[in-house]
Amino acid sequence: MTAVVLIDTLLLLLVTVTAVAIIEVRNLYASAMLTSVYSLLLALVWVNMHAMDVAFTEAAVGGGISTILLIGTLVHTAREEKPLKQRVHWRALLLTALCGVALIYGTFDMPRFGDPKAPIHHFRVPEMMAQTVGFANSTAGKQPPPAGFDPAEYRSFNGAVASVPVDPTDTGWRENSVLAQHGIMLPKVLGDEVHAAHPAEADHHQHPADDFNGHVPNSVTSLLAAYRGYDTMFETTVIFTAGMSLIMLLRRPRREGYLQRSAPLADQPVLRVVAKMSIPFILLFGLYVITHGELGPGGGFQGGVVVACAFILFALIFGRPALYRVLPPPVCDLLTGLGVLMYAGTGAACLLLGGNFLDYAQLNSLSPGDGEALGMTLVEYGVGLTVSMVMVTIFNQLAEEQAK
Amino acid sequence: MLDLRQVPDLLQGPGWQAHLPVLIVTIPLIFGVLTIATGKGWKPWAWATAVTGTVFYLALQLIQRVLASPTGMVSYELGNWPRQWGIEYRVDALNAFILLIVAGVGFVTTVYAKHSVEKEIPADRHNFFYAVWLLALCGLLGITVTGDTFNVYVLLEISSLTVYALIAMGKDRHRGALTASLRYLILGSVGASFILLGIGYLMMITGTLNMQDMHERLMSVPGILESRTVLVAFALLLVGLSMKMALFPLHMWLPRAYTYAPSAVSALLAATATKVGVYMAFRFMFTIFGVGFSFITMPTTLILASCATAGILVTGVTAIRQTNLKRLLAYSSVGQIGYIVLGFSLANVNGVAGSVAHILNHALMKGGMFMALGAIVYRLDRCDIRSVRGLGRKMPLTMAAFTVGGLGLVGFPLTAGFISKWYLVQGCLDRPHMWPLAGVVLLGSLLAVVYTWRVVEAAYFQEPDDDRPVKEAPLLMLIPMWVMIGASVFFGINATFTGKISVTAAKALLGVGP
Amino acid sequence: MTDVLGIYNYWIYVILMMIGLYGVIAKPNLIKQAIALGLFQTGIFLYYISMAVVDGGTAPIWTTIDDGAQKFQGPYDNPLPHVLILTAIVVGVSILAVALALIVNIKRSYGTIEADEIERMDHEDRLIEFRAGQAPDAADDAEAHHHA
Amino acid sequence: MMFDLSPPLLAIYIPLIGALLIALTGRWPNLREALTLGTAGTLLYTVASIVPRVLAPNFWAVYAKAPPLRLVEVVPGVFLELKVEPLGMVFALIAASLWILNSLYSIGYMRGNAEKHQTRFYVCFALAIASVMGLAFAGNLFTLFVFYEMLTLTTYPLVAHKGTAEALRSARTYLGILVGTSVCFLLAGIIATYVYTGDMAFKPGGVFTRALASGSLTAPVLGTLFILYMYGIGKAALMPMHRWLPAAMVAPTPVSALLHAVAVVKAGVFSVVKVIVYTFGPLTLISAGQGSWLIFMAGATILIASFIALFQDNLKRRLAYSTISQLSYVIIAAALLSPLSLMAATLHIAAHAFGKITLFFAAGSIYTASHKTEVSQLDGIGRRMPFTMGAFTIGALSMIGLPPTAGFISKWYLLSAAWETEYVFVIVVVILSTLLNAGYFLPIIYRAFFRAPPPPGREHHGDHGAFEEDPEHPLDHPTATDGVFGDEADHSEAHSHVHGKLHVPGAHGEAPWPMVVALCCTAAVTVAFFFYSDLAIDLATQLRKGLLP
């Protein structure tokens with residue numbers, strides 16, 4: 001734990017410094033570059049806090065896409081911020097200071113960093129994690145949550161009891177904790193009962209599932225695609241909307257878009273060869289990330305971004321006309337929509353099969369668990385498709401503008 | 001139409017109506033996405049009209065189910081996850097009512113949009129425009145049905161993002177649309193971030209995202225309401241929501257946005273967007289924090305009432321000085337939001353009922369008036385005091401619609417506006433020492449007289465600059481316009497429906513007996 | 001000591017947010033504002049992720065720890081905030097994209113992306129619009145027509 | 001109940017349908033005006049058919065107890081409802097009967113002066129009458145308010161009829177004051193009443209008794225409500241809310257005649273009396289010791305208005321101020337709160353109506369015939385227009401309150417009521433104002449009959465002066481001293497036909513016959529009322545019966 005806190009402390013100091021630099025540096029390119037540095041630093045912070053998926057996304061989006069977007073915009077807007085009259089904007093400073101003080105005031109009653117007694121760690125989430133999602137024959141997926149809760153248990157939600165032993169070797173408090181029943185947020189000693197619980201799991205997914213109480217290993221994915229799948233559907237819609245907005249705002253009549261001189265990089269043999277060699281692997285990796293989301297970090301969004309990067313790289317090296325030949329804008333638009341439709345369609349399918357919207361269990365009447373697995377995979381692909389296509393669209397639109 | 005007395009067996013039963021809440025949101029989503037494939041010409045419009053029509057029909061069905069259900073609400077668990085874990089849709093009298101407003105206005109506005117969009121938006125973008133249009137509706141409807149705080153945030157972002165894009169589509173008429181949109185984007189995102197943060201604070205100390213669950217935790221865990229975290233969460237949400245619903249000091253984004261957006265978009269926004277913001281405020285203050293905390297522990301009444309009062313008076317005076325009628329109406333809208341906020345800041349039955357009723361009434365009147373302006377723009381390419389002179393004879397129906405709407409804003413008896421004022425003033429008088437607020441409400445309607453009458457006089461008693469003939473607006477604009485205005489008059493003459501449902505909703509929110 | 005470290009992250013997130021907010025308000029350059037808006041949001045991400053951490057926790061991807069004596073799992077960090085932030089990041093980038101698109105358009109039609117200059121132009125636009133829209137007071141106007 | 005055809009409802013529908021038909025037949029003036037007369041006739045018949053029911057001895061026992069006629073439930077618990085009672089009956093009768101004569105007169109006037117937008121004029125007129133009917137038969141405060149506002153709205157186009165600068169300005173004053181007062185004070189008062197008592201119905205003895213008894217409503221609050229109502233009803237022109245009335249004189253004379261001598265202003269005082277009688281209840285007010293300030297306020301209004309009238313040279317303006325003071329007669333009578341005084345108020349509503357409309361008719365026909373608007377131009381006009389000036393004399397006498405005219409009766413009741421209640425102040429006021437009335441009416445009559453007409457040349461000059469920019473006769477021109485000047489707009493309107501058939505300089509006779517007929521009729525009624533005022537008195541007695549427990 002100390003290690004976490006220590007690294008965390010240092011990284012965050014770095015982050016803060018970078019943030020100040022981003023705001024204060026006047027050269028916009030520099031500031032864009034610093035933004036990507038900032039994102040990478042944050043990615044490290046997330047890793048340090050064990051938020052692997054977030055780190056992955058942050059790296060892909062902050063480090064990759066955002067930077068591309070910013071550069072793409074800077075090319076045809078401005079490279080320097082015009083000098084300010086006075087260096088410090090006092091009113092803004094005052095306002096932010098007040099706001100900050102208010103927020104910090106709110107932090108004093110928060111559960112301390114890493115306090116396992118924090119309500120969020122043992123109210124609803126452990127109950128969810130105690131369910132089974134996405135495993136064969138696991139009909140146990142939808143038990144009702146335990147009725148009510150004892151407020152007394154949660155008295156310590158405000159920082160009063162932050163005296164949790166930071167020493168991991170001392171595990172005495174774990175056994176006699178009121179939370180042992182959930183056993184997810186807190187370590188749980190495994191016996192043989194688990195094997196009894198889910199006999200069929202071992203031969204279903206080729207991973208040591210039998211050690212788990214029947215849950216998709218990457219619980220982030222299970223939350224993302226199953227419990228809160230509905231949010232994720234709208235997350236996809238947000239991306240889709242962004243794509244549509246850019247088309248409405250920036251797309252020029254077809255002619256202009258197509259008449260692009262080929263990119264200057266096209267005649268650089270090294271780049272061409274490297275690109276030709278690497279693009280297939282990038283695509284492959286992207287697909288892997290999408291598919292593998294259930295087991296490890298990754299999922300539709302991250303994978304989609306990776307795939308998009310392949311296309312963008314292609315466009316950068318061989319010019320956008322080439323990309324348009326491979327992936328004509330109209331097709332791209334339709335695929336963008338198709339992704340969202342895959343997601344919503346899966347939900348609708350569950351509905352038509354007699355369940356609630358997005359109730360994946362309906363997809364496989366014999367083994368609800370498989371149904372859930374199938375559903376989650378489908379929606380992940382939907383997300384991936386939309387994300388990649390939108391990223392390509394955004395790049396295209398900004399590039400079209402640039403080429404004019 | 002469902003029979004009002006069909007009861008719970010349907011609610012539990014597998015009948016398709018059990019899925020109404022989710023259908024209302026997902027239909028515009030799915031078919032909105034499909035809109036991009038509908039090609040050119042009138043097809044996207046026809047498609048969008050069909051979709052919004054369906055949604056309106058579903059909303060009608062839903063409100064009947066809700067009123068019929070013994071518990072007074074309909075719950076839907078997405079993915080069949082128990083509400084504490086998954087996402088829950090929870091529809092009671094209040095959001096069924098708001099849903100009906102948004103869906104209805106959405107439908108009428110879509111019908112209206114055809115001509116105005118043909119004139120104001122480049123032809124090669126219509127399919128994308130209507131796609132985004134439907135997604136905006138989807139977002140607004142989603143916010144209204146959901147019972148999960150984070151879901152509120154995501155849908156809020158959908159509706160905001162689409163609205164930024166829609167506003168920016170006014171760029172071909174006036175470049176101001178771009179800055180208006182960007183300014184709204186920045187303010188809106190800051191507001192939304194505050195909301196996200198507030199939700200985070202609440203989740204952190206309640207351990208859940210479900211509104212009911214949160215409420216139960218906040219009520220049952222000892223000492224939780226005294227914690228500084230909850231206090232700051234409340235403040236964050238208050239600020240964020242005020243930005244979203246354009247409450248007076250934080251309304252800067254609204255006038256420009258409404259002025260430069262395409263006419264159809266202005267009509268849609270004026271009638272729905274800010275209203276949904278108000279609805280969110282209802283949910284967070286009454287349903288999650290509870291009346292006791294929001295209005296007794298916190299000085300909310302004082303803050304909101306003073307903001308609203310200032311808003312009503314200041315924007316009223318500002319509106320009088322405008323020449324661009326769209327901007328005039330925009331300022332008046334901010335003032336009207338003031339009325340709505342004033343109502344629920346009183347936290348008594350009449351006050352809250354007044355603001356719920358005014359959400360509908362204002363949506364109808366303002367929507368209709370913006371449609372009238374849209375028609376004027378369609379014929380004259382502009383809508384300012386100078387251009388409407390003598391228009392009372394040239395476009396009689398359009399100007400008549402505008403006038404009747406104006407009378408509604410004044411709160412003239414037998415128009416919808418009067419009903420809202422009726423409840424609001426009662427609310428002010430019910431609350432001890434709040435009677436000056438009643439004075440403010442009435443004073444506000446006098447300001448409305450002035451800015452409406454400037455237009456009426458110009459239209460009916462002044463001579464136009466040139467006598468070139470102006471045709472009356474096309475039928476497809478007149479009908480929706482008059483549907484809105486007619487409805488506003490109808491609900492002014494017979495407001496039993498509005499009155500009943502808003503009182504029911506108010507009582508449910510305040511937790512007093514049915 | 002534990003207390004300070006216990007809310008250290010929460011302070012940093014406030015600071016990051018405020019840096020972002022300062023940028024949004026103080027910087028006239030639109031692109032700078034867009035970037036600052038991004039910072040503002042990342043502050044919130046930090047807050048969410050921090051609340052997910054559990055002492056001695058590991059990533060919420062389930063593996064078995066075998067410390068010779070006994071096999072046990074976890075403790076795992078809380079996956080819920082991670083999920084929410086994944087969504088929030090996506091929203092963030094979408095907003096950034098739209099903002100940049102708008103800025104490009106603004107550059108196209110105003111020729112600048114400095115807020116204060118744009119504000120000035122907008123003001124002029126509004127004045128022109130106001131004058132064009134002005135109609136003499138109904139009564140005076142009637143008088144004029146009456147004598148004409 | 002929406003299509004119930006019981007008389008009170010019918011009385012509202014008839015003018016509405018009339019308005020529709022008039023609008024449709026606008027292209028054929030004769031048909032249009034025939035329709036107007038027809039509608040007016042039917043209306044009077046309908047209204048008259050209600051009278052017996054009201055006069056029935058068991059009225060208060062049976063009919064008054066019967067549930068009101070409910071049109072629609074506007075807000076849950078708040079109905080748009082009609083109920084007949086003696087006071088409203090009087091008002092409705094006056095309005096309906098005078099509408100006929102007025103329509104006759106309008107035909108003459110509008111054609112004679114070749115006014116524009118005549119159809120709009122007749123339509124709005126009919127609509128205004130419809131709202132008056134609604135007002136007269138209103139069953140509760142809410143209904144009263146609704147029709148009160150509708151009356152304001154429907155008369156706005158009539159005031160702004162000419163669309164000239166002055167017309168628009170005065171129309172603004174008119175709308176501003178009437179809507180302002182009604183929305184800010186009257187509506188507030190009504191809603192407060194609803195909040196305190198939960199019922200808005202008109203019932204003898206008022207609605208506040210229970211609230212006062214239970215202590216939820218204190219006397220001072222009641223007093224505040226009373227103030228809200230008295231100043232909220234701006235149409236009663238209680239000073240300082242009187243400015244709209246002179247302003248409204250810019251309208252064509254028939255409008256001034258019916259609306260601003262009869263319908264609108266009477267709507268005001270009628271509402272005042274109705275509120276005092278049926279919402280507050282005299283006894284309640286007396287026991288709560290509230291509202292005596294009204295006597296003095298009204299008294300002041302009477303005197304000040306009459307005093308201003310003395311110095312008005314423009315005829316219609318002088319009449320306007322006389323109206324203001326006469327209205328306060330009604331208010332002061334109502335404020336005395338004794339059954340007798342309330343009878344006086346009722347009678348004065350009627351009496352003043354006949355007298356004042358005669359005077360306005362006369363003013364209008366003088367203008368139509370000779371384009372004279374100023375008192376100072378009227379030398380010897382009595383010889384040219386004997387009928388007109390004769391009628392004018394009768395009207396003036398009625399205003400002063402001399403027998404044998406209507407004015408005498410109401411004044412008599414008022415004085416005896418004042419005597420009964422021992423309000424010396426009122427007696428003094430009445431006497432003083434009578435002198436003042438004489439002071440501003442008799443000179444006109446003297447000029448008209450006993451002054452030699454000016455020499456032809458000057459005469460010629462004189463009545464062209466009305467519309468020529470002539471420095472010699474400043475009086476012929478609007479001096480924008482305060483507010484709006486009477487018929488200033490008419491002068492230039494008259495330009496069109498100065499050399500037309502109608503007006504030969506220096507040698508004009510009577511006005512067109514319809515006008516003469518109309519004004520002779522009203523004059524006759526004014527006299528007849530003195531001898532046969534049974535009906536009015538019966539109704540007033542019926543009202544009084546309702547008051548006595």
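In the predicted model, strand 1 and strand 2 of chain D form a hairpin with two residues between them, and Gly77(D), in the turn, has a positive phi of about 90 degrees. Strand 1 of chain D covers residues 69-75 and strand 2 of chain D covers residues 78-82. The two strands run antiparallel and are joined by five bridges. In one of these pairings, Val75(D) has Val78(D) of strand 2 as its bridge partner.

Chain D as a whole contains 23 helices and two strands. Of its 549 residues, 62% count as buried. Among contacts in chain D with a separation of 6 or more, 82% are between residues 24 or more positions apart.

Two backbone features of chain D lie in loops between helices. A cis peptide bond, with omega of about 5 degrees, joins Met239(D) and Pro240(D). Pro240(D) is located in the loop between helix 9 (219-232) and helix 10 (244-248) of chain D. Leu337(D), which is not a glycine, has a positive phi of about 65 degrees. This residue occupies the loop between helix 14 (315-336) and helix 15 (339-370) of chain D. Leu337(D) has 24 other C-beta atoms within 10 Å and is therefore classed as buried. Most residues other than glycine have a negative phi, and most peptide bonds are trans.

Ile537(D) belongs to helix 23 (residues 534-547) of chain D. Ile537(D) counts as partly exposed because it has 16 C-beta neighbours inside 10 Å, whereas a buried residue needs 20 or more.

His50(A) lies in the loop between helix 2 (28-48) and helix 3 of chain A. With 23 other C-beta atoms within 10 Å, His50(A) is buried.

Helix 3 of chain A, residues 52-75, packs with helix 13 of chain A, residues 300-318. Their axes are 9 Å apart, and the packing angle is about 35 degrees. The crossing of these helices is left-handed. Helix 3 of chain A contributes Phe56(A), Thr57(A), Ala60(A), Val61(A), Gly64(A), Ile65(A) and Ile68(A) to the contact. These residues meet Phe301(A), Gln302(A), Val305(A), Val306(A), Cys309(A) and Ile312(A) of helix 13 of chain A. By class, the contact consists of 10 nonpolar, three polar and no charged residues.

In chain B, the axes of helix 13 (residues 325-345) and helix 19 come within 11 Å and cross at roughly 165 degrees. Helix 13 and helix 19 of chain B are therefore roughly antiparallel to each other. Their crossing is left-handed. From helix 13 of chain B, the contact includes Leu325(B), Leu328(B), Ser332(B), Gly335(B), Tyr339(B) and Leu342(B). From helix 19 of chain B, Leu437(B), Val441(B), Gly444(B), Ala448(B), Tyr451(B) and Val455(B) take part. The contact of helix 13 with helix 19 of chain B has nine nonpolar, three polar and no charged residues.

Chain B also touches chain D, in a contact that takes 23 residues from chain B and 20 residues from chain D. On the chain B side, helix 18 (416-430), helix 19 (435-461) and helix 21 (496-510) each supply at least two residues. Helix 19 of chain B gives the most to this side, with eight residues. The chain B side is made up of 15 nonpolar, five polar and three charged residues.

Chain C has five helices and two strands, in the order α-α-β-β-α-α-α from the N terminus. Of the 148 residues of chain C, 64% count as buried. Among its contacts between residues at least 6 apart in sequence, 53% join residues at least 24 apart.

The contact between chain C and chain A takes 77 residues from chain C and 90 residues from chain A. On the chain C side, helix 1 (2-26), helix 2 (30-52), strand 2 (71-73) and helix 3 (79-110) each supply at least two residues. Helix 3 of chain C gives the most to this side, with 22 residues. The residues of chain C that touch chain A divide into 49 nonpolar, 20 polar and eight charged.

Definitions and conventions
Residues are numbered from 1 along each chain as its sequence is written. Chains are lettered from A and ligands numbered from 1 in the order in which they are written. This is a predicted model: local features need pLDDT of at least 70, side-chain atom pairs count only at pLDDT 80 or more; totals for chains, interfaces and linings use all residues. Two residues are in contact if their C-beta atoms, placed from the backbone, lie within 7 Å. Helices (H or I, at least four residues) and strands (E, at least two) are DSSP runs, numbered from the N terminus. Ala, Val, Leu, Ile, Met, Phe, Trp, Tyr, Cys and Pro count as nonpolar, Asp, Glu, Lys and Arg as charged, and the others, Gly among them, as polar. A residue is buried if 20 or more other C-beta atoms lie within 10 Å of its own, exposed if 12 or fewer, and partly exposed in between; C-beta atoms are placed from the backbone. Axes are lines fitted to C-alpha atoms, for helices over the stretch in contact, and angles run from 0 to 180 degrees between N-to-C directions. Angles under 35 degrees count as roughly parallel, over 145 as roughly antiparallel, 65 to 115 as roughly perpendicular and the rest as oblique. A crossing is left-handed if the near helix is turned anticlockwise from the far one by less than a right angle, and right-handed if clockwise. Two strands pair if DSSP finds at least two bridges between them.
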